[in-house]
Amino acid sequence: MSKPRVLVARRIFPEVMARLGEHFECVANDADAVFSPAELSQRLAGCWGVLTTGSERIDDALLQANPQLRAVCNMAVGYNNIDVAACRAHDVVCTNTPDVLTETTADFGFALLLATARRITEAEAYLRAGRWDRWSVDMMIGPDVHGSTLGVLGMGRIGQAIAKRGAHGFGMDVIYHNRSRLDAPTESACKARYVSKDQLLMQADHLMIVVPYSPSAHHAIGGAELAQMKPTATLINIARGGVVDDAALAQALQTGVIAAAGLDVFEGEPQVHPELLNCRNVVLTPHIASASRATRLAMATLAADNLVALATTQQALTPVPEGLTGWAA
Ligand code: DGY
């Protein structure tokens, strides 16, 4: 019997391709091109499944053009690139890669917080530009991280891992806001207190955004929310572009509404709002929070394992949770 055909939409690890090859006829993308919607739809011709990353948009038009498609396995914990409701309507199973990236992503969130608050990239640029000619008492001074108040918006797995780093490693007072309050044992393990969104914005010295993107989270942090924050505050976004209004953030950074920001994700990435590029007080990274080798391999392996499980047992290992849409506007 011939093997089902699977498109692997981006270049991934050879060992994961080999695993997929045991079960599927694989269509690879060795050039690692980012396909346009039309190209993606064409390449899916005859495919039973697809291994996607956050770069591929799976929508109703694509599903209509490919009625044979049954499985969309995303190599990411987020799935705002996928119209999950349309997939359900077309009888297509969607999976994501939770858990395997939690600690690596939390490490990165903390690295971005430290770099932003302690002005590390700004200081390095100053030094490399040959501007450092003497030590001085107020050169590159900024706020402390240890002992300050860490606000976490979105207290899922990654939010909890960040809260633990802050509370246990840096002696921070951790407050959080989430759609639903955590149970008492989880709150106590994270040493985190639940507060309203308004209190979070007003009290945090450092605000970490870890909320998944959904239409209801669009611009959850805009001009009005930034105005509620302390003028000394830093904001870190490792969630998704679109949760923060980047234009409003650039203006807030330029006018001193908040002190600094660290951003790993952007609206319309890989484009970055030009006004953010003009800000001295922002640390910018190209969506690399989960980019340790071990974690990226674990993510690719889990996405591949989901395809294999669906083909062999009709059961996904990590299906996108029921009731969530995760669709980017
Ligand atoms: C994720 O897993 O959602 C990361 O942002 C990588 O895309």
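Reply: Strand S4 (residues 71-74) is covered on both faces: Ala 71 and Cys 73 on one side, and Val 72 and Asn 74 on the other, are all buried. Buried here means under 20% relative accessible area, exposed means over 50%, and partly exposed lies in between, with a 1.4 Å probe and protein chains only. The model is a predicted one, in which local features need pLDDT of at least 70 and side-chain atom pairs count only at pLDDT 80 or more, while totals for chains, interfaces and linings use all residues. Residues are numbered from 1 along each chain as its sequence is written, and side-chain values use heavy atoms, with hydrogens and water left out. Strands (E, at least two residues) and helices (H or I, at least four) are DSSP runs, numbered from the N terminus.

S4 runs parallel to S3, and four bridges join the two. Within this pairing, Gly 49 has Ala 71 of S4 as its bridge partner. Two strands are said to pair if DSSP finds at least two bridges between them. Strands of a sheet pair through backbone hydrogen bonds, either parallel or antiparallel.

The sheet to which S4 belongs is open and has five strands in the order S2-S1-S3-S4-S5, with parallel pairing. S2 and strand S5 (93-95) stand at its edges with a single partner strand each, so one side of each has no neighbour in the sheet. On average, neighbouring strands of this sheet are turned by 15° against each other, direction ignored.

H13 lies across S1, S3, S4 and S5, at about 160° to S4, whereas H1 lies across S1, S2 and S3, at about 135° to S2. Such angles run from 0 to 180 degrees between N-to-C directions, and axes are lines fitted to C-alpha atoms, for helices over the stretch in contact.

The two helices also meet each other. The axes of H1 (residues 14-23) and H13 (residues 293-313) come within 9 Å and cross at roughly 5°. That makes H1 roughly parallel to H13, a label for angles under 35 degrees; over 145 counts as roughly antiparallel, 65 to 115 as roughly perpendicular and the rest as oblique. The contact residues divide into seven nonpolar, three polar and four charged. Here Ala, Val, Leu, Ile, Met, Phe, Trp, Tyr, Cys and Pro count as nonpolar, Asp, Glu, Lys and Arg as charged, and the others, Gly among them, as polar.

Val 16, in helix H1, counts as buried at 3% relative accessibility. Leaving aside residues up to four places away in sequence, Val 16 touches Leu 297, Ala 300, Thr 301 and Ala 304.

Phe 24, in the loop between H1 and strand S2 (25-27), likewise counts as buried, at 3% relative accessibility.

Technical notes
Contact means heavy atoms within 4.5 Å.
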